[in-house]
Amino acid sequence: KLAEQGFNILVVEPNIKELPLDLIDNSAFIDIEESRRADVHVLLVRHKSFLESSLDFPYFINACGYNK
């Protein structure tokens, strides 16, 4: 829905090599370091690589129970 409204979506997913076709429009597949340029961060899955990174972002939505 956000992409349909014109928002650019930055996707970080360590377990895939490319985005599914239905996410290609208005989405970019990036790594965790590149994600620092995003305005809002939403953590949906507690991937090990995310937990090992500093997730100290100004606008951070924790949807998976991540605890520092």
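## H47 and its polar contacts

The side chain of H47 makes a polar contact with the side chain of E13 at 3.1 Å. A second one, of 3.2 Å, joins the side chains of H47 and N15. A polar contact here is a pair of N or O atoms within 3.5 Å; within protein, one must be able to donate a hydrogen and the other to accept it, and residues adjacent in sequence count only if both atoms are side-chain atoms. This is a predicted model, in which local features need pLDDT of at least 70 and side-chain atom pairs count only at pLDDT 80 or more, while totals for chains, interfaces and linings use all residues. Residues are numbered from 1 along each chain as its sequence is written, and side-chain values use heavy atoms, with hydrogens and water left out.

You will find H47 in the loop between β3 and α1; helices (H or I, at least four residues) and strands (E, at least two) are DSSP runs, numbered from the N terminus. H47 has a relative accessible area of 13%, so it counts as buried (under 20% is buried, over 50% exposed, and partly exposed lies in between, with a 1.4 Å probe and protein chains only). Setting aside neighbours within four places in sequence, H47 is in contact (heavy atoms within 4.5 Å) with E13, P14 and N15.

## V45 and L43

V45 sits in the loop between β3 and α1 (48-51). With 41% relative accessibility, V45 is partly exposed. Beyond its neighbours within four places in sequence, V45 is in contact with F50 and C64. P58 is 13 residues from V45 in sequence, and their C-alpha atoms are 19 Å apart.

L43 belongs to strand β3 and is buried, at 4% relative accessible area.

## Around strand β2

Leaving out neighbours within four places in sequence, its contacts are V11, E13, I16, K17, E18 and L19. The C-alpha atoms of F29 and K1 are separated by 17 Å, and the two residues are 28 apart along the chain.

Next comes S35, in the loop between β2 (27-29) and β3. S35 is buried, with 7% relative accessible area, and its side chain reaches the backbone oxygen of I32 at 2.5 Å. Outside the four-place neighbourhood in sequence, S35 is in contact with V12, I30, H41 and F57.

## The salt bridge

How many salt bridges does the structure hold? There is 1, where the term means a side-chain nitrogen of Lys or Arg within 4 Å of a carboxyl oxygen of Asp or Glu. The side chains of E33 and R36 form it, at 3.5 Å from N to O. R36 is partly exposed, at 37% relative accessibility.

## The largest pocket

The largest pocket holds about 970 Å³ of space. Of the 32 residues lining it, I9, L10, V11, V40 and V42 are the closest to its centre. The elements giving two or more residues to this lining are β1 (9-11) and β3 (41-43).

On a 1 Å grid over the protein atoms alone, a cavity is a set of points where a 1.4 Å probe fits but cannot get out, and a pocket is an open set with protein on both sides within 12 Å along at least five of seven lines; lining residues have an atom within 4 Å of a point. Grid points are joined across faces, edges and corners, and a volume is the space filled by probe spheres set on the points.
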